Amino acid sequence: MKLNKRTLTVKDGKNYAEVIFIGDSHLGSPQFDQPRFLAMLDYCLKNKLYVFLMGDLIETATRYSVGAGVYEQTSIAQSQYEKMVEWLMPLAKKKLILGSLRGNHCIRIYNESGVDIAKNLAKELSVPYLEDACWNYFRVGKQAYSIYSLHGRTGSKFDGTALLALERLGAPFHGDLVVMGHAHKCISSSVIMQKVSHGMVVEHKKHLLITGSYVKYGGYAQTNGLPPSKLGSPKVKFMSDRHDLSISW
């Protein structure tokens with residue numbers, strides 16, 4: 001299992017570092033909300049916020065994909081790839097991208113050709129390639145945070161079942177944050193766990209986070225009876241003067 005170790009800079013006058021978890025933009029889908037996505041990238045660049053890429057940045061529909069996506073997508077996979085590299089490169093040059101996961105849409109091309117387009121994207125951006133899942137270790141000031149990240153595969157339709165799926169999936173991983181994409185939902189929660197340490201009962205809070213999308217309602221989701229979901233990406237503040245984090249949208 002890989003461990004992605006990163007040290008996050010705390011800005012002058014702040015006691016935290018901020019990370020935006022961005023994924024499931026699906027550039028190439030007819031439902032892709034390009035203005036919202038580009039606004040988020042611009043916001044991160046202007047404010048020098050760290051970005052963590054959660055996978056499925058591009059649609060990459062093929063002849064063997066489920067449904068008619070190969071005919072409906074607005075551009076071919078190569079064009080999608082090149083455009084995403086162009087959009088992310090300013091953030092990469094500023095060393096703001098902490099890592100990049102592979103999503104199930106990228107695996108379509110890998111399964112059919114052996115070409116890992118997500119790995120190529122990470123290499124071109126010169127950012128850590130984290131494959132399908134990865135442990136991360138963020139040093140923020142005097143604090144250290146453990147984050148288990150994965151793109152995910154849950155087919156849950158509703159917020160409650162998606163969160164339950166993440167809680168079950170994250171059960172074996174004892175960290176500060178378990179973060180997952182894929183579900184196209186903006187959801188966060190936490191679980192309190194107890195353990196005995198040095199003869200005392202202590203509590204540990206594990207945060208759970210599903211990282212949203214940039215796919216407007218319609219198309220596949222509407223055809224298959226999935227509910228509409230809020231769009232966008234979550235911001236996580238990792239405190240530098242105490243061991244704590246907060247999630248906002």
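Six strands form an open sheet with mixed pairing in the order E1-E5-E6-E7-E9-E8, where strands are DSSP runs of E with at least two residues and helices DSSP runs of H or I with at least four, numbered from the N terminus, and two strands pair if DSSP finds at least two bridges between them. This is a predicted model, in which local features need pLDDT of at least 70 and side-chain atom pairs count only at pLDDT 80 or more, while totals for chains, interfaces and linings use all residues. Residues are numbered from 1 along each chain as its sequence is written, and side-chain values use heavy atoms, with hydrogens and water left out. A further open sheet, of 5 strands, is ordered E4-E3-E2-E10-E11 and also has mixed pairing.

- Ser-190 is found in strand E8 and, at 34% relative accessibility, counts as partly exposed, the scale being buried under 20% relative accessible area, exposed over 50% and partly exposed in between, with a 1.4 Å probe and protein chains only.
- Leaving aside neighbours within four places in sequence, Ser-190 is in contact with Lys-205, Lys-206, His-207 and Leu-208, and the C-alpha atoms of Ser-190 and Leu-208, 18 residues apart along the chain, are separated by 5.5 Å.
- Thr-211 lies in strand E9 (residues 200-211) and is buried, with a relative accessible area of 0%.
- Not counting residues up to four places away in sequence, Thr-211 touches a set of residues that includes Phe-21, Met-54, Val-179, Met-180, Lys-185, Ser-233 and Trp-249.

- Strand E2 (residues 16-22) and E3 run parallel and are joined by 4 bridges; Ile-22 stands opposite Leu-53 in E3, and the bridge partner of Phe-21 in E3 is Phe-52.
- Helix H1 (residues 34-46) packs on the sheet by touching E2, E3 and strand E10 (235-239), and its direction makes about 160° with that of E2.
- In a regular strand the side chains alternate between the two faces of the sheet.
- In strand E3 (residues 50-53), Tyr-50 and Phe-52 point one way and Val-51 and Leu-53 the other way, and all are buried.

**Nonpolar cores**

- The largest nonpolar core has 56 residues, of which Ile-22, Leu-88 and Phe-238 touch the most other members; such a core is a set of buried Ala, Val, Leu, Ile, Met, Phe, Trp, Tyr and Cys residues joined through side-chain atoms within 4.5 Å.
- Helix H3 (residues 77-93) gives the most to this core, with 8 residues.
- A second, separate core of 14 residues includes Trp-135, Leu-163, Met-180 and Ile-210.
- Leaving aside neighbours within four places in sequence, Ile-22 has contacts that include Phe-37, Met-40, Leu-41, Val-51, Leu-53, Leu-57 and Tyr-214.

**Helix H3 and its packing**

- The axes of H3 and helix H5 (residues 117-125) come within 9 Å and cross at roughly 35°.
- The H3 residues that make the contact are Tyr-81, Met-84, Val-85, Leu-88, Met-89 and Ala-92, and those of H5 are Ile-117, Asn-120, Leu-121, Glu-124 and Leu-125.
- Pro-90 also has its place in helix H3 and is partly exposed, with a relative accessible area of 33%.
- The C-alpha atoms of Pro-90 and Leu-226, 136 residues apart along the chain, are separated by 35 Å.

Terms used: Contact = heavy atoms within 4.5 Å. Axes fitted to C-alpha atoms, helices over the stretch in contact; angles between N-to-C directions.
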